[in-house]
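Welcome! Open your viewer, load the model, and follow along one selection at a time.

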Amino acid sequence: MPKHQVPSLSDLSDLCTPWCVHVAATLRIADHIAAGITDIDDLAAAAGCDAGVLHNVLAHLVGKGLFEETAPGRFALNEVAQELLDPAQRLGLDLEGIGGRFAHAWGTLLTYVRTGKPAYREIFGLPFWEDLDAHPEIAASFDALIGPVGHSAPTPEFQITGGWTPVRTVVDVGGGTGALLAEILRARPELRGTLVDFPRTVARSGEIFQAAGVADRVTAIGQSFFDPLPAGADLYLLKKVLNNWPDREATAILSRCAEATHPTGRIIVLGSVSPDDAPRQLVMEMVLLGGKQRTVSEFRKLVRAARLEVSAAGQQRSGAFVVECRPA
Ligand SMILES: C[S@@+](CC[C@H](N)C(=O)[O-])C[C@H]1O[C@@H](n2cnc3c(N)ncnc32)[C@H](O)[C@@H]1O
């Protein structure tokens with residue numbers, strides 16, 4: 001729809017299209033077409049599904065601009081459908097992996113809005129992180145989604161006050177499978193790093209550190225970031241971590257960092273704080289976890305409870321909004 005066109009209520013409330021997109025992605029329809037299977041019966045056989053219903057799904061998507069029906073019952077990829085070949089898109093849309101958790105979680109929005117508390121367990125029986133503990137294959141697809149396959153290699157190019165020269169040790173707290181830490185260490189050979197995340201997640205970091213050539217300068221620790229963190233590092237990074245948590249838990253994570261760092265150490269927060277005038281947003285981690293994107297003013301208050309103070313905050317040339325905290 002062109003940007004200037006006012007959407008209709010039926011466009012806005014259409015659930016059919018997003019579900020059809022997820023189903024087509026889960027069944028790998030684009031991959032089958034890319035492999036030369038274009039007839040609806042052959043596509044259904046390759047995907048292991050009902051040809052008549054699949055035809056209805058694809059016809060609906062063609063009507064919305066995804067795929068082309070080049071002859072009755074014959075399908076081709078158009079530009080948008082090519083995007084379904086991207087492994088990152090697949091991870092986010094696959095109903096049998098983390099994409100299914102995200103899609104179904106939207107069904108808890110009404111309870112979340114009514115109560116202000118995430119209601120993920122209404123659908124999956126457990127809170128989000130515990131659900132991942134109970135389903136290793138879903139946890140693996142989550143780790144892949146937040147890792148280099150899903151989010152591509154992160155840029156290590158954020159600036160810190162006084163530059164990186166005096167920094168020798170970095171702990172990436174909730175650092176996933178280590179992609180950011182690997183890039184930081186690769187860019188700065190004088191640094192040593194420690195990755196902290198769940199044991200199952202850090203267990204997937206070895207290949208990433210090996211590929212970056214930094215494995216000899218890194219330690220991976222499988223532990224909760226609510227427990228005491230490796231002590232004495234110069235920098236503690238929290239990227240896209242605090243935005244997953246309500247105030248009480250976010251304060252606890254910041255407190256663990258404050259307790260672990262030395263008096264001139266710093267906590268660097270990425271991807272969780274926005275300028276005071278940033279528009280409000282509703283995003284997945286709020287629905288899943290009751291997370292919160294905080295403004296700088298809100299964040300200044302939050303860190304005080306963890307005996308920290310914000311010493312710098314701002315948007316950098318890379319677009320990253322970087323906040324630095326020091327022991328108060
Ligand atoms: C949104 S991801 C961000 C990962 C990484 N920092 C990045 O920016 O790609 C949040 C991370 O927090 C980790 N996490 C959640 N709860 C945790 C806990 N209690 N202890 C340690 N890590 C945890 C998850 O495994 C996940 O890797």
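## A first stop in a helix

Select valine 57, and you will find yourself in helix α5, which covers residues 51–64. Keep in mind as you look around that this is a predicted model. Is valine 57 buried or exposed? Its relative accessible area is 14%, so it counts as buried, the cut-off being under 20%.

## Zoom out to the chain

Next, show the whole chain as a cartoon. You can trace 19 helices and eleven strands. Along the principal axes, the C-alpha atoms fill a box of roughly 70 × 45 × 40 Å.

Switch to a surface view. The chain exposes about 16200 Å², and 55% of that comes from carbon and sulfur atoms. Of the 328 residues, 47% are buried, as valine 57 is.

## Visit the ligand

Select the ligand and the residues around it. Which of these 15 residues come nearest? They are Gly174, Asp197, Phe198, Phe225 and Lys239.

Take three of them in turn:

- Glycine 174: a backbone N or O atom lies 2.8 Å from a nitrogen atom of the ligand.
- Aspartate 197: a polar atom of the side chain sits 2.6 Å from an oxygen atom of the ligand.
- Phenylalanine 225: a polar backbone atom is 2.9 Å from a ligand nitrogen atom.

How much of the ligand does the protein bury? Taken alone, the ligand exposes 590 Å², and the protein buries 92% of that area.

## Last stop: a loop

Finally, select serine 224. Look for this residue in the loop between β5 (218–222) and β6 (235–239). With a relative accessible area of 24%, serine 224 is partly exposed, because that value falls between the 20% and 50% cut-offs.

Show the side chain of serine 224: one of its polar atoms lies 3.0 Å from the backbone nitrogen of phenylalanine 226.

Conventions:
Residues are numbered from 1 along each chain as its sequence is written. This is a predicted model: local features need pLDDT of at least 70, side-chain atom pairs count only at pLDDT 80 or more; totals for chains, interfaces and linings use all residues. Side-chain values use heavy atoms; hydrogens and water are left out. Helices (H or I, at least four residues) and strands (E, at least two) are DSSP runs, numbered from the N terminus. Buried means under 20% relative accessible area, exposed over 50%, partly exposed in between (1.4 Å probe, protein chains only). Accessible areas come from the Shrake-Rupley method with a 1.4 Å probe; for residues, only the protein chains shown count as cover. A residue is near a molecule or strand if one of its heavy atoms lies within 4 Å of it. A polar contact is a pair of N or O atoms within 3.5 Å; within protein, one must be able to donate a hydrogen and the other to accept it, and residues adjacent in sequence count only if both atoms are side-chain atoms.
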